[in-house]
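Please read the following points alongside the model, which they take up in turn.

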Amino acid sequence: LAASIPYANLIILNLGQAVVAVFLASEFLKQDRKNDTVEVIYARSMTNGQYILGKTLGILAVFLVLNLVVLFMGIGFSLIGNFGSQSAFPYLAYPLLISLPTLTFILGLSFFLMVLVKNQAVTFILLIGYIALTVFYLSKKAYHIFDYIAFNVPMMYSSISGFGNFSEILLHRSIYFVLGIGFILLTVYRLQRLPQSVKFTRVPLFAGLILILAGGIMVWYYLHLKDSLFAFRQEVIELNNKYEHIPKPFVSFCDLNLEHRKDQICVNATLKLVNRNAGMMDTLIISLNPSLKVEKLEVNNHPVAWKQMQQIILHVLKDPVKPGDSLIVNMKYTGGINEDMAFLDLGGKAFTDNPVYEVFRMQKRYAFLQQDFVCLTSDVLWYPVTGTGYATSVPLQYTPDFTRFVLKVKTDPDLLPVSQGM
């Protein structure tokens with residue numbers, strides 16, 4: 001992949017610079033006092049915020065140069081090795097997503113602990129212990145929320161599909177950037193120096209506390225997003241358990257007319273259903289991805305009412321279908337794809353664990369629906385099927401239909417539709 005070199009280079013560098021930043025950050029206050037230069041600086045007409053911000057930007061500038069050197073080395077190796085398609089975006093994105101939040105957080109935390117504890121040795125022990133604890137133990141806990149270095153966060157970039165989950169990555173890295181700025185502002189408030197303006201003395205305190213609170217809210221939201229995935233899958237399974245006893249018609253024919261609209265699809269589907277059960281069929285159960293919303297449902301060319309509950313589409317037939325009889329169902333649905341529907345029989349860890357190859361962490365994906373790339377499989381229910389999916393009440397139940405499919409696809413002229421079949 002085009003992003004493998006900058007990703008590997010920066011993720012390894014980030015681990016080292018996170019440790020070095022602790023020494024630089026906690027050293028400057030002590031060194032200023034040791035060299036007796038702090039009084040000269042403090043006597044100048046500047047705010048405490050300017051002093052701390054200047055120190056912070058100075059340290060960040062050093063690491064920026066180091067990051068640029070590493071990136072340019074990666075570009076050189078990439079050109080020499082002629083590794084596939086080249087993309088400039090990863091070289092711009094990775095420093096902002098990996099290095100900047102890590103350095104901002106560890107510098108802010110180091111500054112704040114130094115002015116709070118006022119002992120460099122104790123500060124070193126606390127910070128090095130914290131780094132060791134996060135790297136070797138906490139980084140894989142609670143969906144990587146403690147991994148401020150981003151060593152275990154899946155951030156591999158694909159030139160075809162982009163980041164696996166960019167919004168989730170952005171939220172995770174923003175947490176540490178916001179917390180870092182908050183700690184820097186609290187350092188400004190705690191600095192043992194007369195303020196430039198008395199009336200603005202508490203501004204850094206309130207601003208810092210607001211940012212720390214914002215970081216805490218972002219942590220809660222991140223964990224809520226992760227936990228909601230399992231709650232959603234449990235709700236889907238419970239619906240399957242509720243309706244799995246309803247007789248399932250056999251799908252003998254399925255005609256799909258699909259239109260690709262950027263991150264959505266619009267499908268007109270025609271199904272021929274046959275009652276192969278021993279008794280009458282008075283209720284129709286169709287399963288479809290919950291993000292696809294049904295706009296029209298017809299039975300034997302007559303519009304009918306339906307109820308959509310997540311993946312379950314329920315319709316009570318006006319005229320029950322006798323054994324051996326058939327009916328035609330026409331439906332239109334539009335929307336995106338919820339990947340969390342896939343492989344309901346997999347447990348939480350098996351479903352969410354991301355592939356790891358050496359230092360590369362990749363986001364596990366079950367479907368792609370983008371403007372320039374689409375990959376859909378039957379596991380995400382992008383087309384309608386009768387009956388329910390996996391149910392814990394009957395875990396071994398599997399009744400596939402041998403269906404004749406017809407698929408027509410309308411998409412961008414630059415994209416080539418490919419499907420199995422003749």
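1. Which helices each supply at least two residues of the nonpolar patch? They are α4 and α5, where helices are DSSP runs of H or I with at least four residues, numbered from the N terminus. This is a predicted model, in which local features need pLDDT of at least 70, side-chain atom pairs count only at pLDDT 80 or more, and totals for chains, interfaces and linings use all residues. Residues are numbered from 1 along each chain as its sequence is written, and side-chain values use heavy atoms, leaving out hydrogens and water.

2. The patch consists of L116, V117, V122 and L126, which together have about 280 Å² of accessible area (Shrake-Rupley method, 1.4 Å probe, with only the protein chains shown counting as cover for residues). Its members have over 30% relative accessible area and no salt bridge, and nonpolar side chains are joined within 5 Å.

3. Helix α4 (residues 89-117) packs against helix α5 (residues 120-136) at an angle of about 145°, with the axes 9 Å apart; axes are lines fitted to C-alpha atoms over the stretch in contact, and angles run from 0 to 180 degrees between N-to-C directions. Among the residues that meet are F105 and L109 in α4, and L126 and Y130 in α5 (heavy atoms within 4.5 Å).

4. Elsewhere, D401 and K248 form a salt bridge at 2.8 Å, N to O (Lys or Arg side-chain nitrogen within 4 Å of an Asp or Glu carboxyl oxygen). This pair links distant parts of the chain, 153 residues apart.

Technical notes:
Patch = residues over 30% accessible without salt bridge, like charges linked within 9 Å, V, L, I, M, F, W, Y side chains within 5 Å.
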